Amino acid sequence: MKKKKAFRCQRYEFFQYLSLSNENASITLGFIQCQSAKKLFQAFTMFLSSEVPIVPNDEVVSQLVNTLMRDGKKARAQRLVSDSMKHLSKKLGEEASPYSVLLESIETASPLLKLSSTKKGSKVVHVPTALRDRQRRRRAIVWMLEAAKKRGEKSFEERFAAEVFDVSQGTSPVLQKKLQVHKQALANRANAQVSYNSQR
């Protein structure tokens with residue numbers, strides 16, 4: 001007795017002008033030819049999983065996406081950022097753009113200096129060192145992600161959106177952490193390695 005297959009289809013099936021639409025893109029699939037239902041399903045999922053730009057092409061946003069990305073799943077990280085911005089837009093209203101607030105918050109939370117420990121004789125001294133732009137943004141993003149983990153909201157998107165909103169309002173503990181680093185760097189400014197270029 002032969003088992004009945006769950007999926008049955010003819011040798012060739014044609015699907016004409018099947019439109020898939022979302023908020024950012026519209027994809028039209030025409031004349032998909034398949035020999036089995038399994039191949040049809042694979043072809044359909046390939047179109048669904050095609051890369052669609054759901055976040056703006058910005059250097060800071062791409063750095064945030066790359067920091068969030070795990071196991072090479074970039075589309076998932078982009079979706080997390082996009083959903084977080086949707087939650088943030090609900091807090092801001094229709095007047096402000098959530099991505100502009102995100103960029104301002106990352107810039108506000110970015111430290112100017114870092115402290116590195118070195119040994120001078122038997123003493124351990126803290127040396128303040130200036131950071132490049134990408135390093136500054138990296139530290140701000142990591143601090144904001146760590147602060148978002150400690151929040152009480154259910155999903156990551158809600159926690160990160162609330163953290164970005166708090167940074168923009170000046171009430172986030174990330175800003176206190178940045179101020180503390182600057183105070184320590186100011187207290188150890190005598191250990192800074194400064195090169196003087198004397199012109200004769």
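1. What share of the 200 residues in the protein chain do buried residues make up? Buried residues make up 31% of the chain. Here buried means under 20% relative accessible area, exposed means over 50%, and partly exposed lies in between, with a 1.4 Å probe and protein chains only.

2. A word on the basis of this note. This is a predicted model, in which local features need pLDDT of at least 70 and side-chain atom pairs count only at pLDDT 80 or more, while totals for chains, interfaces and linings use all residues. Residues are numbered from 1 along each chain as its sequence is written, and side-chain values use heavy atoms, with hydrogens and water left out.

3. The secondary structure of the protein chain comes to 7 helices and 4 strands. Helices (H or I, at least four residues) and strands (E, at least two) are DSSP runs, numbered from the N terminus. Read from the N terminus on, the order of elements is β-β-α-α-α-α-β-β-α-α-α.

4. By the rule used here, a salt bridge is a side-chain nitrogen of Lys or Arg within 4 Å of a carboxyl oxygen of Asp or Glu. The count comes to 8 salt bridges. As background, side chains of opposite charge can pair when their charged atoms come close.

5. R136 forms a salt bridge with E107, and the closest N and O atoms are 3.4 Å apart. Because R136 lies in helix α5 and E107 in helix α4 (residues 98-109), this pair ties together parts that are 29 residues apart in sequence. R136 counts as buried, at 11% relative accessibility, whereas E107 counts as partly exposed at 45%. R136 also forms a salt bridge with D133, with 3.8 Å between the closest N and O atoms. R136 and D133 both lie in helix α5, 3 residues apart, which is about one turn of the helix.

6. The side chains of R151 and E163 meet in a salt bridge of 3.2 Å, N to O. This pair links distant parts of the chain, 12 residues apart: R151 is in the loop between α5 and α6, and E163 is in helix α6. R151 counts as partly exposed at 24% relative accessibility, while E163 is buried, with a relative accessible area of 1%. Salt bridges that share partners join R151, E153, E163 and D166 into one network.

7. Next come the aromatic rings. Rings of Phe, Tyr and Trp (its six-membered ring) pair if their centres lie within 6.5 Å; planes under 30 degrees apart count as stacked, over 60 as edge-to-face and the rest as tilted. A search of the whole structure finds 1 aromatic pair. The ring centres of F156 and F160 are 5.8 Å apart and their planes are at 15 degrees, so the pair is stacked. F156 and F160 are separated by about one helical turn because they are 4 residues apart in helix α6 (residues 156-169). Both F156 and F160 are buried.

8. What sits over the ring of F165? The charged end of K91 does, 5.8 Å from the ring centre. A charge counts as sitting over a ring if NZ of Lys or CZ of Arg is within 6 Å of the ring centre and within 35 degrees of the ring normal.

9. The second largest pocket has a volume of about 280 Å³. Of the 15 residues that line this pocket, the closest to its centre are T67, L68, R70, L145 and K149. On a 1 Å grid over the protein atoms alone, a pocket is an open set of points where a 1.4 Å probe fits, with protein on both sides within 12 Å along at least five of seven lines, and lining residues have an atom within 4 Å of a point. Grid points are joined across faces, edges and corners, and the volume is the space filled by probe spheres set on the points.

10. Which elements supply that lining with at least two residues each? They are α2 (59-68), α3 (74-92), α5 (133-149) and α6. The largest share, 5 residues, comes from α5. By class, the lining of the second largest pocket has 7 nonpolar, 1 polar and 7 charged residues. Ala, Val, Leu, Ile, Met, Phe, Trp, Tyr, Cys and Pro count as nonpolar, Asp, Glu, Lys and Arg as charged, and the others, Gly among them, as polar.

11. D71 is not a glycine, yet D71 has a positive phi of about 60 degrees. D71 is placed in the loop between α2 and α3, and counts as exposed at 75% relative accessibility.
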